[in-house]
Amino acid sequence: MSIIERDALKFAYWVPNVSGGLVISNIEQRTSWTIDYNRKLAQIAEASGFDYALSQIRFTAGYGAEFQHESVSFSHALLESTSTLKVIAAILPGPWNPALAAKQIATINHLTGGRIAVNVVSGWFKGEFHAIGEHWLDHDERYRRSEEFIRALRGIWTEDSFTFRGDFYRFQDYSLKPKPIDPQPEIFQGGSSRAARDMAARVSDWYFTNGNTPAEIGKQVDDIRRKAAENGHKVRVGVNAFAIVRETEEEAKAVLAEIIEKANPDAVNAFGHEVKNAGKASPEGEGNWAKSSFDDLVQYNDGFRSNLIGTPQQVAERVVALKRAGADLILLGFLHFQEEVEYFGRHVIPLVRELEAAEAAQKVAAE
Ligand SMILES: Cc1cc2nc3c(=O)[nH]c(=O)nc-3n(C[C@H](O)[C@H](O)[C@H](O)COP(=O)(O)O)c2cc1C
């Protein structure tokens, strides 16, 4: 594998397995949460150079997203419709326990040649937990549980006679058969509070964070990588972004302005209220959404902050700036998924590859 292939930035897209699109706005969104739309989207994505698709888990409607397909079964359906794409299934400790999750994912790993991965999410939506009769734990307790969940997943997948004595989960001489075949399922996690970062620095393969500027992403990356190195652990970083790529910068900016102008204020404010249970409720008051403005919240995961809004050249340069700040993967949301995933693959990814090749050549020349 060449240095360029090894260091190549990965691209992922959000699977629209919940209704309403990725922005809380009445602007037209040519997208759909149905399986037919999503199968075709997954095929377009893998043909367009995308490496991963990320599904979402939600049990109830919040502010939009009236209909929600379950993440693991939906991810499996997408894997069955594709041949190279990896699909990351969101899993929420609480509704899932690690014994069932490990078994489910191991089977899908066998059925799909190792293309399934998981995103262990820790929960921010108290109303959803109440609706389904799940205990609502304090912020950092949720992460303590998620960390045990991840340790249990890994132990079950790799050890025979797995024994684990946690505060949330217990295993006694458990041997899962069959275990996953290689490549082993990768473990992603979402969240950016202190507890989320510390968990990433100890156990996760990938740390997903909300959209942000290269400078702010750089601070998170330095923090996590320093702590991970102290723990003898390696973690990679995925950054969210909502991409609006158009032939001219004016067009792209006009689309953003229209999204904000047509935002549903009641829904956005209600979402803003609910996400105070995320990073803001942590002991240090930091984390996802802790500093989000009204405009930021119109995109569920602060995706406008990454500023992938402009021409293909501008967006490719900003993608590479995020890579320089330490991102290993860019997670993308779009207004019109099928059309824009294809456009991104055709017009932006090749420019990113050119910029990456030029940087790699410079590095080699400097050595
Ligand atoms: C990329 C990404 C995907 C996420 N997907 C989900 C999801 O599908 N379901 C869910 O309940 N939470 C999801 N979350 C929310 C996180 O698990 C977490 O609750 C939230 O980011 C707050 O974390 P913090 O308090 O550590 O900052 C996601 C977060 C990120 C960054």
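Residue numbers start at 1 in each chain and follow the sequence as written. Because the model is predicted, local features need pLDDT of at least 70 and side-chain atom pairs count only at pLDDT 80 or more, while totals for chains, interfaces and linings use all residues.

An unreviewed UniProt entry annotates residues 27–328 as "domain: Luciferase-like". In the model, the span 27–328 is 43% helix and 14% strand. Its end C-alpha atoms lie 31 Å apart. Helices (H or I, at least four residues) and strands (E, at least two) are DSSP runs, numbered from the N terminus.

Strands pair if DSSP finds at least two bridges between them. One of the pairs joins strand 1 (residues 10–14) to strand 2 (residues 52–54), in the parallel sense, over three bridges. Trp14 stands opposite Leu54 in strand 2.

Axes are lines fitted to C-alpha atoms, for helices over the stretch in contact, and angles run from 0 to 180 degrees between N-to-C directions.

| Helix pair | Axes come within | Crossing angle |
|---|---|---|
| Helix 4 (residues 98–111) and helix 6 (residues 139–158) | 9 Å | roughly 50° |
| Helix 7 (residues 194–202) and helix 8 (residues 214–230) | 8 Å | roughly 45° |
| Helix 12 (residues 312–324) and helix 14 (residues 349–366) | 9 Å | roughly 50° |

Angles under 35 degrees count as roughly parallel, over 145 as roughly antiparallel, 65 to 115 as roughly perpendicular and the rest as oblique. The roughly 45° angle makes helix 7 oblique to helix 8. A crossing is right-handed if the near helix is turned clockwise from the far one by less than a right angle, and left-handed if anticlockwise.

Helix 4 and helix 6 cross in the right-handed sense. Helix 4 brings Pro98, Ala101, Ala102 and Ala106 to the contact, and helix 6 brings Phe149, Ala152, Leu153, Ile156 and Trp157. Contact here requires C-beta atoms, placed from the backbone, within 7 Å. By class, this contact of helix 4 with helix 6 has nine nonpolar, no polar and no charged residues. Ala, Val, Leu, Ile, Met, Phe, Trp, Tyr, Cys and Pro count as nonpolar, Asp, Glu, Lys and Arg as charged, and the others, Gly among them, as polar.

Helix 7 also passes helix 8 in a right-handed crossing. Arg197, Asp198, Ala200 and Ala201 of helix 7 meet Gln220, Asp223, Ile224, Lys227 and Ala228 of helix 8. The residues of this contact divide into four nonpolar, one polar and four charged.

Helix 12 passes helix 14 in a right-handed crossing. From helix 12 come Pro312, Gln313, Ala316, Glu317, Val319 and Val320; from helix 14 come Leu351, Val352, Leu355 and Glu356. The contact of helix 12 with helix 14 has seven nonpolar, one polar and two charged residues.

**Backbone exceptions**

Most residues other than glycine have a negative phi, and most peptide bonds are trans. The loop between strand 6 (170–174) and strand 7 (187–190) holds Pro178. A cis peptide bond joins Lys177 to Pro178, with omega about 0°. Pro183 also lies in the loop between strand 6 and strand 7. The bond from Asp182 to Pro183 is cis, with omega near -5°. Ala65 is not a glycine, yet has a positive phi of about 55°. Ala65 sits in the loop between strand 2 and helix 3 (71–80).

Conventions:
Two residues are in contact if their C-beta atoms, placed from the backbone, lie within 7 Å. UniProt positions are given in the numbering used here, feature names are shortened, and annotations may be inferred rather than shown by experiment.
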